[in-house]
Amino acid sequence: MSDGLDSLYREIILDHYKNPRGHGVIESADAEAEGQNPLCGDEVSIYVAFGEDGETIDEVKFSGRGCAISQAATSMLTEMVQGRTATEVATLDKDELLEEIGIPLTPVRLKCAMLGLTTLKVALHKAKGTPLPEGIAGFDELDLK
Amino acid sequence: MAVTAQTTKLDARKLRADFPIFEQTFHGKPLAFLDSAASSQKPRQMLDAMREFYETSYANVHRGVYQLAERATAALEGSREKVRELLNAPAAREVIFVRNATEGLNLVAYAWGLNNLGPGDIVLVTELEHHSNWVPWQYMAKKTGAEFRMLPLDEHGELDLGALDEAADGGNVKVVATGLVSNSLGTINPVEKLVAWAHERGAIFVCDAAQAAPHMTVDVQALGCDFLAISGHKMCGPSGIGAVWGRAELLERMEPFLLGGHMIRSVRFEGTTWGELPHKFEAGTAPMAEAVGFAAAIDYLHGIGFDAISAHEHELVSYALDRLAEVPGLTTYGPPADRRAGIVSFNFDDIHPHDVAQILDLEGVAIRAGHHCCQPLMQKLGVAATNRASFYLYTLPEEIDQLVDGLHKVKKVFA
């Protein structure tokens, strides 16, 4: 395998892709949203359950289809945001997730990697009125209300 | 230029030398460029023609009385004549320069559709359409109150002509919009039959030939269609130029699409009148150098011969289907080799096309991964996206081998 392959599809990415954490649906979730990547037609749905304070994220699940990068990034995201508040996650810097992913991404693949985070922020916006992320292409404006 | 139909086999290896892009390597490997259906590479002859025009003949057209402006005008109109000849259109004034086929199809949807569609009318597209000949019609149907319908595909990825009469049921079919060659599956559609069916019902037929014109002879009179659009960039021409052809009697009755300079006869405060064809539809400064490049590309293709190009692609697509059939877990879509252009769409196990394409890139293989601007078709196939390898006159069988070798690497990563 070439160096390029090693760095791009490193073990941790493939592990999250093949054994995604937080894969599934939360019935009657406290917050949820569906996002699309217009470049490839991938779709992801994110479901959030808050803890007793109604603010701390207790559980995040996701469903949908996507490439290894988008699925692995969303899987990592579900672990990363557990126990944080909606307000914290709404302002979560994308670099924090990118650092976790740890591979160089071209602009096209960056969109794959950010699909889950963007969708999660939209879900939180809809449920809690937290700020929307930048660049929310793929979401119908009406869906955001 | 007299067009001589050459039936001799083309020499892709020799032609490749005309394309500077192939002089470089990617990730240390020679480039196997299998994405010509998205846009073709450019021969030096076309690039030289554009440079020469800029260096010797450039001025704005149709305005100046000086010699240079006349030279530029002659170059633009000479290019229009080349496109007319390519399409066997009855008159050059029926050929309108646009940015690409998408803009040409929008021109027809707006300038014809707005004044000719209404409640009770049916706009019929197909499940195989590129978004460029689908979305404008869906939008225009919504705007005018017409009904938007879609002709389905059969299980071979070919249009289900048996469903035509049902598609017309209970309404007045006014437009049938269909591509000649599918950019996604490579299917060559029976446009003549669809045109006859449309005309029996008094409908117009709008043909998207963007994916056909690079590969085969496109004759608007033989097809019998009413409008037809092509893109220069898919056929060795520059980006930013295409053409839409329409029957003069329809174009004359249409209102303009874009308004402004050049497209007028007279402008008064009380009202403006429109110029003659084709100028009525060509507002603003024309893409002159692009038109010159487009004409040079057409000359280049004629020099090779469309029969030779078609034959070469059929050979490649047969070879590709055979080689891909050897790869376990690989599913190809679309009709058999003899009924398709040089395009093969496929999926590989449940590995996402983005991942397939990314790993192939590291092997120097460029393919397309995505929905190919055909989301209704993807829905029919039950997938979000496919991989697509597409071939052109400069494609070599070794590039298909490089693809198959790369697929084995993909398998290793995702095993």
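Domain bounds here come from an automatic or database domain assignment. On that basis, chain B of this predicted model is divided into domain 1 (12-35 + 305-414) and domain 2 (49-302).

**How the two domains meet**
- The centres of domain 1 of chain B and domain 2 of chain B, taken over C-alpha atoms, are separated by 28 Å.
- To the contact, domain 1 of chain B gives 30 residues and domain 2 of chain B gives 32 residues.
- About 2,500 Å² is buried between the two domains of chain B, and 58% of it lies on carbon and sulfur atoms.

**Polar links and contributing elements**
- Two salt bridges are counted between domain 1 and domain 2 of chain B.
- A salt bridge also joins the side chains of B:Glu158 and B:Arg339, at 2.8 Å from N to O.
- Across the interface of the two domains of chain B, 18 residue pairs are in polar contact.
- On the domain 1 side, the elements of chain B that give two or more residues are α12 (306-325), β14 (343-348) and α14 (375-381).
- The largest share of that side, six residues, comes from α14(B).

**Strand β10 of chain B**
- Strand β10 (residues 242-246) of chain B is mostly covered, with five of its five residues buried.
- B:Gly242, B:Val244 and B:Gly246 point one way from β10(B), while B:Ala243 and B:Trp245 point the other way.
- Strand β4 (residues 95-98) of chain B runs antiparallel to β10(B) and is joined to it by four bridges; B:Ile96 has B:Val244 as its bridge partner.
- Strand β9 (residues 227-231) of chain B is also antiparallel to β10(B), with five bridges; B:Ser231 has B:Gly242 as its bridge partner.

Terms used: Residues are numbered from 1 along each chain as its sequence is written. Chains are lettered from A and ligands numbered from 1 in the order in which they are written. This is a predicted model: local features need pLDDT of at least 70, side-chain atom pairs count only at pLDDT 80 or more; totals for chains, interfaces and linings use all residues. Side-chain values use heavy atoms; hydrogens and water are left out. Buried means under 20% relative accessible area, exposed over 50%, partly exposed in between (1.4 Å probe, protein chains only). Two strands pair if DSSP finds at least two bridges between them. Contact means heavy atoms within 4.5 Å. Buried area is the accessible area (1.4 Å probe) that two parts lose on being put together, summed over both. A salt bridge is a side-chain nitrogen of Lys or Arg within 4 Å of a carboxyl oxygen of Asp or Glu. A polar contact is a pair of N or O atoms within 3.5 Å; within protein, one must be able to donate a hydrogen and the other to accept it, and residues adjacent in sequence count only if both atoms are side-chain atoms.
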